[in-house]
Amino acid sequence: MQVAPFPENEAQRLQALERYEILDTPPEASFDELTQLARAICQVPMALISLVDANRQWFKSKVGLEATETPRNLAFCAHALLHEHLLVVEDAKADLRFFDHPLVVGDPHIRFYAGAPLITPDGYALGTLCVVDYQPRTLTPEQYQALSTLAKQVVSQLELRHKLKILNQAKAAADKANQAKGEFLATMSHEIRTPMNAIIGMTELLLDTPLTPQQRDFAETACQAGETLLSLINDILDFSKIESGKLDLEKHPFNLRDCIEGVLDMLAAKAAAKQLEMVYLIPAQVPETLLGDVTRLRQVLVNLIGNAIKFTDAGEIEITVSAKAIPEPGTRGANDQGTPIVLEVKVRDTGIGIPPERRHRLFKPFSQVDASTTRQYGGSGLGLAISKHLCELMGGTLWVDSQVGQGSTFSFSFQTVAISTPPGLDEAFYHLQGKHLLVVDDNATNRKILSLQLQPLNLQITAVDSGFEALAKMDGGQVFDLAILDMQMPQMDGMMLAKHIHQRYPSLPLILLTSMGWTGSVAALSDFMAYLNKPVKLSRLHEVLRQVAAQACILPAAQGVWGQRQANANLGERHPLRILVAEDNAVNQKVARHLLHRLGYAVDMVANGQAVLEVLQDQDYDLILMDVQMPEMDGLEATRRLRWSTTGLCPPDSNQRSSHLNPCPRIVAMTANAIQGDRERCLQAGMDDYISKPIRVEELVRVLQACPAGAVRVPSQSAIPDWPPEVEAIDPVVFRDLVEMLSPHEPAFARELVQTYLDSSTPLLQALCFPPFDIKEQVHAAHTLKSSSAVLGAMQLAQLCETLEQKISQDSGESCSLAVATILSEYDRVQNWLQCYLEASEVDL
């Protein structure tokens, strides 16, 4: 047997083989298909793709052979490497090189071999594509050519595989670089934002102190610069996430009208400062309950409406919404979640407009229409680029129509799912149907929007554009049940018109429509029963109409709730109880204490279940209002132990029978969880009843009256506070009801409650954001923040906290990180709103 010598370029050949990184890899279909084709064409029982390294030949693909490799000195392929073309051995026993070869005289008794060298583009033979038979034979010219061609295909496949591996490695490196970039930007964003928040916060505190005009100017400039820098940081971080594909959309139910109204509330002060009208219209046929990412939708709206305010010096800004069903049937049609639709939102302004030749720059990152715009108006040039990317992620796009000097209309579309909600009109509005309402506003768009918003109430609406026309209709004999008057109108404003109306009809209820920036005195509102800030929120409009109608006796007296609340003020005298509240959240403690005080009850307060057990050793109570989630010992465990002690049983971890056998007080669970089965778990633990947070007076009165009266009379509250001046907050209806329930004559308590919420939220957010991360602490922080936020009416923040609370025990990493980031963003908005409330209420005090 002759052993094949090494090729002259053996070292380079082995290096080339190593570069392909193919030795000892699993079978691959692309190579197996070529091997099977070679066997079929040559009509032989065995075909192989053999690669020869320093010591062996290894089979990347094989048909008709069990072995995976053989020593190199026995390899026929080692001889084929030395040939430029096909090596054919027609009869191994007749060939002097192989007649005594172990694989010829023994298993597998090779008689025929044909091997085509696998020669790389740079000239190195790595192995062969070979066919083997147990009988002597010859190849036809066609078979010879086919085997040579297939060998070239094997080499092409090796090249393709190698290049794909390089590309995958490059992609992995790029992904790693992007990840590092994202982590770096996130770290830098946090590191920059932390001192910037301190700078802005301290500057705002400085602005609240007595300053000279020059000092105030310096401080306001520093504060504005800080806000601009923070906005730029946020834009860069968002753009980085989009570029690296790390920005994911969430899907949660949300209310479209609430989203738009919330954005308008945030920007109303800026529009009012420039005396711009802001109006919006959502036609009745547009679904309001949707499934999608409300945070990103809000981000697009804030950018477009903010730009409209920035680039408009006079006139109005109008937001309109339209919807159309996605026409594709089947999978895109109605399903269990809802009906897929496309929403289109238009933001129209009467600003400077954009020249056609410069519009192509609008959606490019770090680009504006021209350099002079950058100098005059500022901005990073990222907002529109980010908004367009967000619209595309939501299945839509963003475009613009504009005329220089007349204004622009920015339109965007996005795909979402409409969730059906049961129709119906609030019972409180039935008595308004058919009533005559007068709307006086010089702005035609405002009149149109108000008329459309009021259509569902079936009112008879008369809309006029001036006070003179309104008085003419009244003098002509037209009778109205109530009227909405705009404050700012030429020749005769709303105040003057109100005086004229009340000279004719002293009892006609009037509502003032005013801009957010109006600074008139409360005394000036003496002719009005209520006022509405523009842009008018539908929910607020309906609520004010209901309240005004009730006060003006347009609605039946039974619809009012103030009398009922006054009747409950002496409940503590009529139905005395000794009450213990177990609640670890400082905000909730204040709410519970003040609500009970309003109802005439004194109350003791503890912060966890262990404290409940300890205080009951020395004091008896008729009722315990027990929070479910508390540190050290939760409400469920405390209830179980309390039931054990009062029945003479012992808890599992106790070796002694309890000696405290006083009658067990009635226990009512207080929890912010609204999930199915929560009530059942509380009752199984031994609780008697269950109320949800935020606590409503009606529910609290119910559980108090359900508890047998105790022997000890508690002092009642001597006075009921006045309702403080109305201030728009996160959810005005929830917030106003809370303040009305707690402190009508004590506005200072509402301020104290808000400040307590802000102070107590900081450590909760720190527990969510900063290591070391403890799952129990994070769940507790999310739950506590959810509860206190819902109490104040921050429903969006409460929903985000509830989602995070559920995620923490299931996920880790990006999904929770994104949820925390969304909570931080939403908390910033809530904090700003509450700070505005504190400032406004401080002025009124």
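Biologist: What share of the 845 residues of the protein chain counts as buried?

Modeller: In this predicted model, 49% of the 845 residues count as buried, the term meaning under 20% relative accessible area with a 1.4 Å probe and protein chains only. Local features need pLDDT of at least 70 and side-chain atom pairs count only at pLDDT 80 or more, while totals for chains, interfaces and linings use all residues. Residues are numbered from 1 along each chain as its sequence is written, and side-chain values use heavy atoms, without hydrogens and water.

Biologist: Why is L164 called partly exposed?

Modeller: The relative accessible area of L164 is 42%. Exposed requires over 50% and buried under 20%, with partly exposed in between; L164 is therefore partly exposed at 42%. This leucine lies in helix 5, residues 141-207, a helix being a DSSP run of H or I with at least four residues, numbered from the N terminus.

Biologist: Why is E637 called partly exposed?

Modeller: E637 has 23% relative accessibility and therefore counts as partly exposed. Its place is in helix 19, residues 635-647.

Biologist: How do you know that strand 1 and strand 6 are joined?

Modeller: Two strands pair if DSSP finds at least two bridges between them, a strand being an E run of at least two residues. Six bridges join strand 1 (residues 46-52) to strand 6 (residues 125-133), and the two run antiparallel. Within this pair, I49 stands opposite L129 in strand 6.

Biologist: What makes strand 3 and strand 4 the edges of the sheet?

Modeller: The open sheet has six strands in the order 3-2-1-6-5-4, with antiparallel pairing. Strand 3 (69-71) and strand 4 (87-89) each have a single partner strand, so one side of each is left without a neighbour in the sheet. The twist averages 25° from one strand to the next, the angles running from 0 to 180 degrees between N-to-C directions of axes fitted to C-alpha atoms.
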